[in-house]
Amino acid sequence: MSDNTPQKIVHFHQGKQNFNTVMTAGPHDLTADEPVSMGGKDAGPDPYDYLLMALGSCSAITMRMYAERKQWPLADVYLELRHYKTHAKDCKDCEDKDAHLDYIEKEIILKGDLTDDQKDKLLEIAGKCPVHRTLLNTVKITSSLGLTT
């Protein structure tokens with residue numbers, strides 16, 4: 001367990017409604033579920049959708065913040081993210097060729113009267129958003145059982 005104060009705390013509740021999970025982050029309630037093909041009711045995005053949404057929204061916000069600080073004419077940001085699972089055998093640098101790799105493509109469209117240099121810098125900045133960095137770093141996850149009633 002870390003000695004640091006948590007940066008974020010979110011709560012989850014899953015009752016007897018298949019995979020439907022209610023998530024609470026501060027005053028915001030969201031729903032996650034699995035598609036019907038996976039036994040869910042498709043009542044909300046699945047966990048990987050949320051992962052992509054976290055990365056995409058963080059990238060967009062980070063680019064917007066940077067452009068505003070530089071007073072660049074960024075009118076709109078559009079992102080499309082795609083998640084793939086590939087076999088490590090397709091990876092020339094992978095040690096375990098039987099493993100699976102997660103691969104995310106992030107396509108960014110920037111609108112506004114931006115120079116090519118500004119667009120290139122915003123692309124670079126998108127890769128420096130906190131969620132992007134977290135996904136590229138080693139993340140330690142610990143699990144424990146809480147008190148049950």
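Colleague: What should I keep in mind before we start?

Modeller: This is a predicted model, so local features need pLDDT of at least 70 and side-chain atom pairs count only at pLDDT 80 or more, while totals for chains, interfaces and linings use all residues. Residues are numbered from 1 along each chain as its sequence is written, and side-chain values use heavy atoms, with hydrogens and water left out.

Colleague: Happy with that! What makes S2 and S3 a pair of strands?

Modeller: Strands are DSSP runs of E with at least two residues, and helices are runs of H or I with at least four, both numbered from the N terminus. Two strands pair if DSSP finds at least two bridges between them. Strand S2 (residues 21-25) and strand S3 (residues 28-32) are joined by five bridges and run antiparallel. Ala 25 stands opposite His 28, and in the two residues between the strands Gly 26 takes a positive phi near 60°.

Colleague: How do you know what span to expect of helix H1?

Modeller: The expected span is 1.5 Å times one less than the number of residues. H1 (residues 47-70) has 24 residues, and its 35 Å from first C-alpha to last is close to the 34 Å expected. Just after H1, Gln 71 takes a positive phi of about 60°.

Colleague: Why is Cys 58 called buried?

Modeller: Buried means under 20% relative accessible area, exposed means over 50%, and partly exposed is in between (1.4 Å probe, protein chains only). Cys 58 has 11% relative accessibility, so the residue counts as buried. Cys 129, at 0%, is buried too.

Colleague: What makes Tyr 66 and Trp 72 an edge-to-face pair?

Modeller: Rings of Phe, Tyr and Trp (its six-membered ring) pair if their centres lie within 6.5 Å; planes under 30 degrees apart count as stacked, over 60 as edge-to-face and the rest as tilted. The count comes to two aromatic pairs. In one of them, Tyr 66 and Trp 72 are 5.5 Å centre to centre with 75° between the planes, which is edge-to-face. Both Tyr 66 and Trp 72 are buried.

Colleague: Why is the pair of Tyr 84 and Tyr 103 called tilted?

Modeller: Their ring centres are 5.9 Å apart and their planes are at 35°, so this pair is tilted. Tyr 84 lies in strand S4 (residues 74-87) and Tyr 103 in strand S5 (residues 100-112), so the pair ties together parts that are 19 residues apart in sequence.

Colleague: How do you know that Arg 82 and Glu 107 form a salt bridge?

Modeller: A salt bridge is a side-chain nitrogen of Lys or Arg within 4 Å of a carboxyl oxygen of Asp or Glu. Arg 82 and Glu 107 meet at 2.5 Å, N to O, in a salt bridge. Arg 82 is in S4 and Glu 107 in S5, so this pair ties together parts 25 residues apart in sequence.

Colleague: Which other residues meet in a salt bridge?

Modeller: The side chains of Lys 85 and Asp 102 do, at 2.7 Å, N to O. By this rule the count comes to six salt bridges.
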